[in-house]
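Hi,

Here is the structure I promised to pass on. Have a look at it first, and my notes on the charged side chains follow below.

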Amino acid sequence: PRQRSVGQVGLARLQAQSAVPVLLVTQNVDDLNERAGAKVLHMHGELGQALCASCDHRWPAPDVMAPDDPCPACGAAATRPDVVWFGEIPYGMDQIEASLRQATLFVAIGTSGEVYPAAGFVNAAKAYGAQTVEINLEPTSQRLFDRQIAGKATKAVPAFVAEMLAR
């Protein structure tokens, strides 16, 4: 299994030590941020979870899963991975929108900036008055960010977190 990175550990530290609430939203379906100690909103679901397509019950995914496995809550043969597929609405959009409205700082880390709706979050954050920062190996084509930090997340994120916590 992949190991958590120092970037993920840094984000968990920021969330734990920040004087203001920090909402971490990810498009990733892995649990690496949680392993680092963070609380995360998984807008595209979690690979380690199963979902009943009939009653929306969620449970820890078994190692082997088939679509005709019965749901432990309702018994329907409608088991699937708890991940958002193309054409489905990502999870937590109401909470994300509310957070974007209140944010004073929006940071995008390690993204192409091309997958919507997440690619539009920087536009919303700016429209609501937040400062925007991008941390990426190379800056994206989106020039909407007030600040762009180029570099590996393993170095750039801990440095950024240290800067934020020093304020």
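For burial I call a residue buried under 20% relative accessible area, exposed over 50%, and partly exposed in between (1.4 Å probe, protein chains only). This is a predicted model, where local features need pLDDT of at least 70, side-chain atom pairs count only at pLDDT 80 or more, and totals for chains, interfaces and linings use all residues. Residues are numbered from 1 along each chain as its sequence is written, and side-chain values use heavy atoms, with hydrogens and water left out.

On to the salt bridges (a side-chain nitrogen of Lys or Arg within 4 Å of a carboxyl oxygen of Asp or Glu). The structure has seven of them.

One of these joins Arg80 to Glu88, with 2.8 Å between the closest N and O atoms. Arg80 is buried at 12% relative accessible area, while Glu88 is partly exposed at 31%.

Another pairs Glu97 with Arg101 at 3.9 Å, N to O. Both sit in helix 3 (residues 93-102), four residues apart, or about one turn of the helix; helices here are DSSP runs of H or I with at least four residues, strands are E runs with at least two, and both are numbered from the N terminus. Glu97 is partly exposed at 28%, and so is Arg101 at 46%.

Then there is Glu163 with Arg147, at 2.8 Å from N to O. This pair links distant parts of the chain, 16 residues apart: Glu163 is in helix 5 (residues 153-166) and Arg147 in strand 8 (residues 147-150). Arg147 and Glu163 also belong to a salt-bridge network with Arg167.

Cheers
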